[in-house]
Amino acid sequence: MRHDSGTPCVLALDGGGSKTLVLLVGRDAAVLAVRQAGGSNPFDRPDWRAVVAGLLAGLPDGIEAAVFGMAGYGESPAISAQQEAALSDWGRCPHAVRNDVDIASTGAFGGGSGILLLAGTGSMVWAADPAGRGLRVGGWGHLFGDEGSAFWIGREALGTLTRALDGREPDALSFVAPFCRFMGLPDDPAATAPALLDWYGGLSHPRSDVAALARGVDALAAAGNAPARRIIELAAAHLTRHVGAARRILAQPALPWSHAGGLFQGDYLRRTVTALCGAPVPPVLPPIGGAALLAARQAGWNPDSCWIARLAANLAGAEHPAGPLIGIPT
């Protein structure tokens with residue numbers, strides 16, 4: 001991490017299911033340094049403590065406040081206590097632990113009201129109305145829910161593939177060859193089954209690996225493949241129910257929505273959700289930017305609209321292993 005020791009800054013962390021980011025931001029909203037590692041969701045990442053500890057090791061002086069956006073925080077009392085304990089020695093400055101979707105919502109609306117629909121490995125809505133009332137919808141994990149998520153799409157695609165191979169879903173035969181090519185499997189039905197089981201047996205992290213299949217399903221849907229379109233359209237309907245529930249419970253039928261998560265990089269899903277929910281508000285900041293904004297407030301800075309705009313521009317140009325930190329198409 002390149003950064004001059006002692007430069008006043010705040011620290012932001014965004015820990016999700018697939019990756020964890022750490023960011024240092026200066027008083028002028030400059031991006032001073034970025035670190036990235038694997039996922040840190042404690043529900044399915046046994047090594048999450050080591051991931052977070054590695055990212056926070058060897059940080060420079062000058063950090064005035066920190067906000068840690070952690071997957072699952074505030075949902076399970078036991079998990080939340082573990083996360084707080086893992087960060088309990090962060091006594092060098094004021095700090096706070098928040099849910100990772102909470103920081104994503106803060107970033108998307110620049111601290112204002114709205115509905116943030118997160119669709120990545122999992123799915124969830126975090127909403128706030130103009131009076132400041134908050135609401136969470138979904139986020140139950142892949143065992144109980146996560147409908148419409150990348151994992152859900154990947155699992156549906158694998159089910160469609162196996163039913164088509166068995167002859168239980170003959171109208172899905174057009175899905176077999178192109179999806180197998182995306183997975184790197186032979187598209188000869190006789191060779192597909194054993195290759196698929198070998199693929200399954202070799203998974204290092206099944207939830208993330210299955211979620212990664214969603215990219216191929218969306219690409220096939222955009223190319224006109226009918227079974228892929230059915231999967232993506234059903235995912236979009238599930239995600240739309242998340243937004244609809246938030247609007248209904250908060251009695252705000254026109255509350256704007258925005259999005260976060262890698263699933264919205266898929267063109268067909270993004271267009272389908274937009275057709276059902278209305279046009280989204282482009283995110284002001286990515287999730288890591290929301291954590292930086294909260295940390296700046298905690299440090300006693302004045303992160304006004306100009307500061308937020310500078311941070312957005314600086315994040316758009318920031319370099320890190322996964323590419324730009326903002327700029328997901330809307």
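**Salt bridges, aromatic pairs, strands and cores**

R270 and D267 are 3 residues apart in helix 11 (residues 267–277), so about one helical turn separates them. Helices (H or I, at least four residues) and strands (E, at least two) are DSSP runs, numbered from the N terminus. The model is predicted: local features need pLDDT of at least 70, side-chain atom pairs count only at pLDDT 80 or more, and totals for chains, interfaces and linings use all residues. Residues are numbered from 1 along each chain as its sequence is written, and side-chain values use heavy atoms, with hydrogens and water left out.

R270 and D267 are joined by a salt bridge, with 3.1 Å between the closest N and O atoms. The term covers a side-chain nitrogen of Lys or Arg within 4 Å of a carboxyl oxygen of Asp or Glu. Side chains of opposite charge can pair when their charged atoms come close. R270 has 9% relative accessibility and counts as buried. D267 has 32% and counts as partly exposed. Buried means under 20% relative accessible area, exposed over 50%, and partly exposed in between (1.4 Å probe, protein chains only).

The structure holds 11 salt bridges. One of them links R98 to D102, at 2.8 Å from N to O. R98 is partly exposed, with 30% relative accessibility. D102 is buried, with 12%. Another salt bridge joins D166 and R168, at 3.1 Å from N to O. Here D166 is exposed at 55% relative accessibility, and R168 is exposed at 54%. Salt bridges also form a network that links R163, E169, D171 and R230.

Aromatic contacts come next. A pair of aromatic rings is described by the distance of the centres and the angle of the planes. Rings of Phe, Tyr and Trp (its six-membered ring) pair if their centres lie within 6.5 Å; planes under 30 degrees apart count as stacked, over 60 as edge-to-face and the rest as tilted. There are 5 aromatic pairs in the structure. F179 and F182 make a stacked pair, with 6.3 Å from centre to centre and 20° between the planes. Both residues sit in helix 6 (residues 173–183), 3 residues apart, so about one helical turn lies between them. F179 is buried, at 0% relative accessibility. F182 is partly exposed, at 31%. A further pair joins W257 and F264: the ring centres are 6.1 Å apart and the planes meet at 50°, so the pair is tilted. W257 is buried at 1% relative accessibility, and F264 is buried at 0%.

F179 and F182 also belong to an aromatic cluster with F175. Elsewhere, R136 lies over the face of W140, at 5.4 Å from the ring centre. Such a placement requires NZ of Lys or CZ of Arg within 6 Å of the ring centre and within 35 degrees of the ring normal.

Strand 6 (residues 114–119) is mostly covered, with 6 of its 6 residues buried. The cover extends to both faces. G114, L116 and L118 are buried on one side, and I115, L117 and A119 on the other. Strands pair if DSSP finds at least two bridges between them. Strand 6 pairs with strand 7 (residues 123–128) in the antiparallel sense, over 6 bridges. A hairpin of 3 residues joins these two strands. Within this pairing, L117 has V125 as its bridge partner. Strand 6 also runs parallel to strand 9 (residues 257–260), to which 4 bridges join it. In that pairing, L116 stands opposite S258.

The largest nonpolar core has 51 residues; I153, F179, M183, W199, L269 and V273 have the most contacts inside it. Helix 10 (residues 226–249) gives this core its largest share, 9 residues. A second, separate core has 23 residues, including A12, A65, W301 and A312. A nonpolar core is a set of buried Ala, Val, Leu, Ile, Met, Phe, Trp, Tyr and Cys residues joined through side-chain atoms within 4.5 Å.

V273 touches residues from several parts of the chain. Leaving out residues up to four places away in sequence, V273 touches L117, A236, L239, T240, W257, F264 and G278. Contact here means heavy atoms within 4.5 Å. Among these neighbours, W257 and F264 form the tilted aromatic pair, and L117 is a buried residue of strand 6.
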